Amino acid sequence: MTQATPDPHHPPASEPLGKRLMLLADFVHPFVYREGFPQGVPPVDAVLAAGDLPGYYLEFLATKMTVPVIYVHGNHENEFVTEGERRVPPRGVIAAHGRVVEEAGLRVAGWGGAPRYREKGHGQYTDTQARVGLAQLAWRARRGVDVLLTHAPPTGPHAGTDFAHRGCESITRFMTRRHPRLVVHGHIHEYEGKKVEYTDPVSGARVVNAYGYRLLDL
């Protein structure tokens with residue numbers, strides 16, 4: 001019997017990738033935003049920022065870290081920096097929204113923003129926009145993806161109890177179709193009292209709330 005050739009972009013879940021990631025979301029953490037950073041932090045392979053982080057903070061990370069800083073925007077869309085009368089994207093970092101980014105030996109699919117909870121707000125999307133946008137992202141990720149980086153959580157244990165922080169069904173659908181090894185999201189703050197991570201029973205993905213600052217081995 002001929003054995004199937006392993007897919008280097010999507011190895012078995014039981015096989016560690018040997019990557020260490022820095023995860024950030026929603027909060028300018030004082031341990032990170034300091035003159036001495038990254039002193040006291042072990043080496044990491046990449047930084048994943050899951051939204052609602054100000055542009056000056058992202059640019060700070062880019063100047064302090066020698067590894068890729070990959071981000072998606074949040075529902076507040078405060079990732080821009082002000083230059084005169086213009087708001088421009090932060091420099092030195094990689095915007096992943098709607099894309100599959102290949103950095104540090106990882107394939108990272110990105111989807112920023114949150115399900116719409118009020119009439120206006122550029123960092124929010126309708127159910128139709130999520131369904132179409134994440135279907136397109138799934139097509140771009142057809143070769144497999146290691147990490148899905150989002151702002152809003154999927155449906156399930158990390159979904160918020162209020163309408164503004166509900167889970168996104170289209171994110172869950174992406175997980176079922178593409179089986180990312182890791183899902184990193186923000187949007188759900190510590191006041192929700194939820195576990196930091198869980199394993200999705202359908203896709204097998206490890207789902208992690210990146211609120212604040214944490215390190216993760218993958």
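In which sense do strand S3 and S6 pair, and over how many bridges?

Modeller: The model is a predicted one. In it, strand S3, which covers residues 69-71, pairs with S6 in the parallel sense, and the pairing runs over 2 bridges. Within this pair, isoleucine 70 stands opposite isoleucine 94, the latter being in S6. In general, the strands of a sheet are joined through backbone hydrogen bonds, in either a parallel or an antiparallel manner.

The pair belongs to an open sheet of 5 strands, whose order is S6-S3-S2-S1-S15 and whose pairing is mixed. Strand S6 (94-95) lies at one edge and strand S15 (212-217) at the other, each pairing on one side only. In the order given, S3 stands between S6 and S2.

The sheet is part of a protein with 3 helices and 15 strands. Helix H3, residues 169-178, has these buried residues: Ser170, Ile171, Thr172, Phe174, Met175 and Arg178. Their cover includes strands S8 (106-111), S10 (124-125), S11 (147-150), S12 (182-185) and S14 (206-209), as well as helix H2 (127-140). Just after H3, histidine 179 adopts a positive phi of about 50°.

Helix H2 also contains tryptophan 139. This tryptophan 139 has a relative accessible area of 53%, and it therefore counts as exposed, the cut-off being over 50%. Between tryptophan 139 and alanine 62 there are 77 residues in sequence and 30 Å in space, taken from C-alpha to C-alpha.

As to the whole chain, a compact globule of 218 residues would have a radius of gyration near 17 Å; the protein has 17 Å, so the two agree. Its C-alpha atoms fill a box of roughly 65 × 40 × 35 Å along the principal axes. Of the 218 residues, 51% count as buried. Where contacts join residues at least 6 apart in sequence, 69% of them link residues at least 24 apart.

The accessible surface amounts to about 10,800 Å², and carbon and sulfur atoms account for 52% of that area. Regarding charge, there are 25 positive and 23 negative side chains, with the centres of the two sets 4 Å apart.

Notes. Residues are numbered from 1 along each chain as its sequence is written. This is a predicted model: local features need pLDDT of at least 70, side-chain atom pairs count only at pLDDT 80 or more; totals for chains, interfaces and linings use all residues. Side-chain values use heavy atoms; hydrogens and water are left out. Helices (H or I, at least four residues) and strands (E, at least two) are DSSP runs, numbered from the N terminus. The radius of gyration is taken over C-alpha atoms; the globule rule is 2.2 Å times the number of residues to the power 0.38. Buried means under 20% relative accessible area, exposed over 50%, partly exposed in between (1.4 Å probe, protein chains only). Contact means heavy atoms within 4.5 Å. Accessible areas come from the Shrake-Rupley method with a 1.4 Å probe; for residues, only the protein chains shown count as cover. Lys and Arg count as positive and Asp and Glu as negative; His and the chain ends are not counted. The place of a charge is taken as NZ of Lys, CZ of Arg, CG of Asp or CD of Glu. Two strands pair if DSSP finds at least two bridges between them.
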